[in-house]
Amino acid sequence: MTLISSRALMNYLEQTTERHIQKAIEDYQNMDKARLLKPAKNGGWSIAQCLDHLNGYGHYYYPLMQQKMDTYREAGETYTGTWLGNYFVKMMDPDTGKRKMKAFKNHLPAPDLDPHEVVSEFIRQQEQLLNLIRIARHRDLNRIKIPISLTKYIKLNLGDTLRFIVAHNERHMRQAELAGNVINVINVKNVVE
Amino acid sequence: MKDGLSILKELAGKIHPLPEAAMEDFLSIWMPFQAGRKELLTVSGNIEKYMYVVLDGVQRVYYQDDLDREATIVFTYPPSFGGVLDSFLLQTPSKYNFETLTPSSFLRTSSASFNTLMEKHHSIETMVRKGLSGVIAGLEERLVEIQSFSSEEKFRSLLKRSPHILQLVPHKYLASYLGIDATNFSKLINKVRI
């Protein structure tokens, strides 16, 4: 068990989310469709697919967290990472969980995406997440429990859930960055034509 | 906040040069204030407590109807005055919200301090009158744009005034400011780029 000051944790989560949202506003919302949809060099997800995958999680978790925080309004000073929470976060965090993972079936990106709509929804959700983190500063991070998206039988506390979500965001923002960096043959060909 | 005060001094001086004593008093009423992205600083229905000087970041004043539809009325960025000015000056409930769109830093002051100085120094009141005249001119210009410009002209005019805004602000707020559909907005970007 790790004891963390809620405030320090929330500062970290807010800064990381701020970085993600800035990247989307500076770069992704201004990119053309083709570049957002271009598969990564290794055949992996495009930028739009990475963001769509994150939107799927946000769609589940963010309204649920809002609802729980509206219901249970007590504040807490410290937060205790649970064994299960730490395990999930470690697996998701791109610095500690190096293993490539396969997305669960219900979290696979759709094949036909409108990339600008995906980016716009991503930005909307990240603004929502920033707000949730700010509300969470005044809530008991241990007491509020959130069922994970795969099964309602496993619940994580609010602190674990927020850490898991931000680590997951970081993982796929890095993946999107790589997908966007690669200038491959197809791109050059488009320019020539 | 010496830096912020020199920005304010320049901003005020450009509107109307103040005598030294008035400027000294004017600079003494402001306090530094910071806010993160998407923080609601003024909520409609409340009286605007502060006038802001924007030192960093982008903010907007917007109207929200009972179906939660939003209309972005104005963006503010440095260096300028900000907040819901009519509510601040008249001390009547604001019809609008004022929020940050990026992490922002400000100077701000209360209406009590502001009014005291307007009564004490005629030159400050003159500065406010001239400043408000400029605001009216800006609003009239915007009304003309809204009523007679095409979407593309409005878009180009916005980019001309603030070329970096596409990288700073989520496009949906820009679309809301121009009064055009978010889908049309991405089409416009592609068109104007080419």
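Predicted model: local features only at pLDDT ≥ 70, side-chain atom pairs only at ≥ 80, totals over all residues.
The bond joining B:Pro78 and B:Pro79 is a cis peptide bond, with omega about -10°.

In the loop between strand E4 (59–64) and E5 you will find B:Asp68. Its phi is near 65°, a positive value in a residue that is not glycine. Is B:Asp68 buried or exposed? Because it has 6 C-beta neighbours inside 10 Å, B:Asp68 counts as exposed. The other place is B:Gln91, in the loop between helix H3 (85–90) and strand E7 (97–100) of chain B. Here too phi is positive, near 55°. B:Gln91 has 13 C-beta neighbours inside 10 Å and therefore counts as partly exposed.

Now step back and look at chain B as a whole. Its secondary structure comes to 9 helices and 8 strands. The radius of gyration is 18 Å, close to the 16 Å that the globule rule gives for 194 residues, so chain B is as compact as a globular protein of that length. Taken along the principal axes, its C-alpha atoms fill a box of roughly 55 × 35 × 30 Å. Of the 194 residues in chain B, 30% are buried. If you take the contacts in chain B between residues at least 6 apart in sequence, 72% of them join residues at least 24 apart.

Helix H5(B) has 27 residues and reaches 39 Å from its first C-alpha to its last, close to the 39 Å expected at 1.5 Å a residue. Of those 27 residues, 2 are buried, so H5(B) lies largely in the open. B:Ile124 belongs to this helix, which covers residues 122–148. B:Ile124 is buried, because 22 other C-beta atoms lie within 10 Å. Which residues does B:Ile124 touch, leaving aside its neighbours within four places in sequence? They are B:Leu18, B:Ala22, B:Phe26, B:Leu117 and B:Met118. For a sense of distance, B:Ile124 and B:Gly36 are 88 residues apart in sequence and 31 Å apart in space, C-alpha to C-alpha.

Let us move on to chain A. It has 7 helices and 4 strands, and along the sequence they follow the pattern β-α-α-α-β-α-α-β-β-α-α. A compact globule of 193 residues would have a radius of gyration near 16 Å, and the 18 Å of chain A agrees with this. The C-alpha trace spans about 60 × 30 × 25 Å along its principal axes. Of the 193 residues of chain A, 36% count as buried.

Helix H6 of chain A, residues 158–181, has 24 residues and reaches 34 Å from first C-alpha to last, close to the expected 34 Å. How many residues of H6(A) are buried? The number is 17 of the 24, so H6(A) is largely enclosed by the rest of the structure. A:His172 is found in this helix. With 23 other C-beta atoms within 10 Å, A:His172 is buried. Leaving aside neighbours within four places in sequence, A:His172 is in contact with A:Cys50, A:His53 and A:Leu54. A:His172 and A:Lys38 are 134 residues apart along the chain, and their C-alpha atoms are separated by 15 Å.

Two packed helices are described by the angle between their axes and the distance between the axes. Helix H3 (residues 47–71) and helix H5 (residues 115–136) of chain A pack at an angle of about 35°, with their axes 9 Å apart. The crossing of H3(A) past H5(A) is left-handed. Among the residues making the contact are A:Leu51, A:Gly58 and A:Tyr62 of H3(A), and A:Val118, A:Phe122 and A:Leu129 of H5(A). By class, this contact has 14 nonpolar, 5 polar and 2 charged residues.

Finally, see where the chains meet. Their contact takes 12 residues from chain B and 13 residues from chain A. On the side of chain B that touches chain A, helix H7 (165–168), helix H8 (171–178) and helix H9 (182–193) each supply at least two residues. The residues of that side divide into 5 nonpolar, 4 polar and 3 charged.

Conventions. Residues numbered from 1 in each chain as written. Chains lettered and ligands numbered in written order. Rg over C-alpha atoms; globule rule 2.2 N^0.38 Å. Buried ≥ 20, exposed ≤ 12 C-beta atoms within 10 Å, placed from the backbone. Expected span 1.5 Å × (residues − 1). Axes fitted to C-alpha atoms, helices over the stretch in contact; angles between N-to-C directions. Left-handed = near helix turned anticlockwise from the far one by under 90°. Contact = placed C-beta atoms within 7 Å. Nonpolar A, V, L, I, M, F, W, Y, C, P; charged D, E, K, R; others polar.
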